[in-house]
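Please keep the structure in view while working through the numbered points.

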Amino acid sequence: MIERIARAKLNLALHVRARRSDGYHAIETLFAFVEHGDVLRVAPGAGRFAVTGAFAAGLDAEPDNLVLRAERAFRDRIAPLPPLDITLDKRLPVASGIGGGSADAAAMLAICADLAGIEGDDPRLFALADALGSDVPACLFGRNALGTGRGERLTEIAAASGTPVLLVNPGVPVATAEVFARWDGTDRGPIAPGDLIEAAAASRNDLEAPARAIAPAIGEVLVWLASQPGVRLARMSGSGATCFALFDDSAACSKAAGIVGATQPGWWCAETALT
Ligand SMILES: C[C@@](CO)(OP(=O)(O)O)[C@H](O)COP(=O)(O)OP(=O)(O)OC[C@H]1O[C@@H](n2ccc(N)nc2=O)[C@H](O)[C@@H]1O
Ligand SMILES: Nc1ncnc2c1ncn2[C@@H]1O[C@H](COP(=O)(O)OP(=O)(O)O)[C@@H](O)[C@H]1O
């Protein structure tokens, strides 16, 4: 059995630069990853697929799980595989700006490559990832990176491993396409220079305003996170609604997590760290 954590992706900053003629937007984003994620378990078997975990119900209406799309694409375009039994332990909220589906797809591609004896950095895997979604190449790469293009062009940047992170989601799913569609068309300039945290702190998430217009609860989360002692940076990730706070130390992060647990029954929260 192969087990892999499909780690949540964060956009420490996300600048939207232009609308493209293909329906996507040109972006610049600082991708980072946290320890927390979904768990994918795969073993040779009878072709069964099961979803368990706190957010399994969020995928009940999903006709074509990204895990199965990734598996199918691998079999069709790269190499045959024996029938597989797959279990996805869905620990990340669905459609929430932390790329759970993209991370699951990338983890499945990596497992398929492993089973077929193909290197994890094979360009053919990245081509499949690119076809599955804008965030899937970054999740397959799995390391901090500046993403450009529609997010698929990646340049590695040095990590800030171990930085304590609190993830908070107000319990409202937000559709990525709708958030991009509400972007006001103003190019507010590139990502700031500097190391990962410096660059992030001096940059923005241009999707925050359109996401807050759809889900005002995002604003409540951000105000609350920013007011917690020891917070270095509080921001929304991706197209929302999950927000994150980077903390100076893990005690401050744990304290804030405890307060969310005790006072905000509708908010999902995970205490974790940058990889
Ligand atoms: C906003 C980001 C930031 O990392 O993350 P999430 O909020 O999804 O986590 C990503 O760009 C999302 O990537 P992903 O979730 O893979 O989206 P895709 O399936 O490629 O695209 C879904 C839809 O979002 C819009 N889209 C996506 C990416 C992009 N650069 N421009 C866009 O306009 C398009 O309308 C597209 O049809
Ligand atoms: N394994 C999966 N996990 C999450 N979402 C999935 C999965 N497979 C398909 N989807 C679909 O992909 C969409 C985006 O999911 P997700 O990656 O969680 O969003 P985001 O990148 O905004 O966090 C969801 O609306 C869901 O219907």
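1. Strand S2 and strand S4 (residues 84-89) run antiparallel and are joined by 6 bridges. Two strands are said to pair if DSSP finds at least two bridges between them. Helices (H or I, at least four residues) and strands (E, at least two) are DSSP runs, numbered from the N terminus. Within this pairing, Val39 has Asp89 in S4 as its bridge partner.

2. The model is a predicted one, in which local features need pLDDT of at least 70 and side-chain atom pairs count only at pLDDT 80 or more, while totals for chains, interfaces and linings use all residues. Residues are numbered from 1 along each chain as its sequence is written, and chains are lettered from A and ligands numbered from 1 in the order in which they are written.

3. S4 also pairs with strand S3 (residues 49-52), here in the parallel sense, through 4 bridges. Asp89 in S4 is the bridge partner of Thr52. In general, strands of a sheet pair through backbone hydrogen bonds, either parallel or antiparallel.

4. The domain assignment gives domain 1 (2-156) and domain 2 (164-273); such bounds come from an automatic or database domain assignment. The C-alpha centres of the two domains lie 21 Å apart. In domain 1, 27 residues are in contact with 33 residues of domain 2, where contact requires C-beta atoms, placed from the backbone, to lie within 7 Å. On the side of domain 1 that touches domain 2, S1 provides the largest share, 11 residues. That side comprises 15 nonpolar, 8 polar and 4 charged residues. In this classification Ala, Val, Leu, Ile, Met, Phe, Trp, Tyr, Cys and Pro count as nonpolar, Asp, Glu, Lys and Arg as charged, and the others, Gly among them, as polar.

5. An open sheet of 4 antiparallel strands has the order S8-S9-S7-S10. Its edge strands, each pairing on one side only, are strand S8 (231-236) and strand S10 (268-273). From one strand to the next, the twist averages 15°. Helix H8 (residues 217-226) packs on this sheet and touches S7, S8 and S9, its direction making about 175° with that of S8. Axes are lines fitted to C-alpha atoms, for helices over the stretch in contact, and angles run from 0 to 180 degrees between N-to-C directions. Strand S7 (residues 164-169) and strand S9 (residues 243-247) are joined by 4 bridges, and Val168 stands opposite Cys243 in S9.

Terms used:
Contact = placed C-beta atoms within 7 Å.
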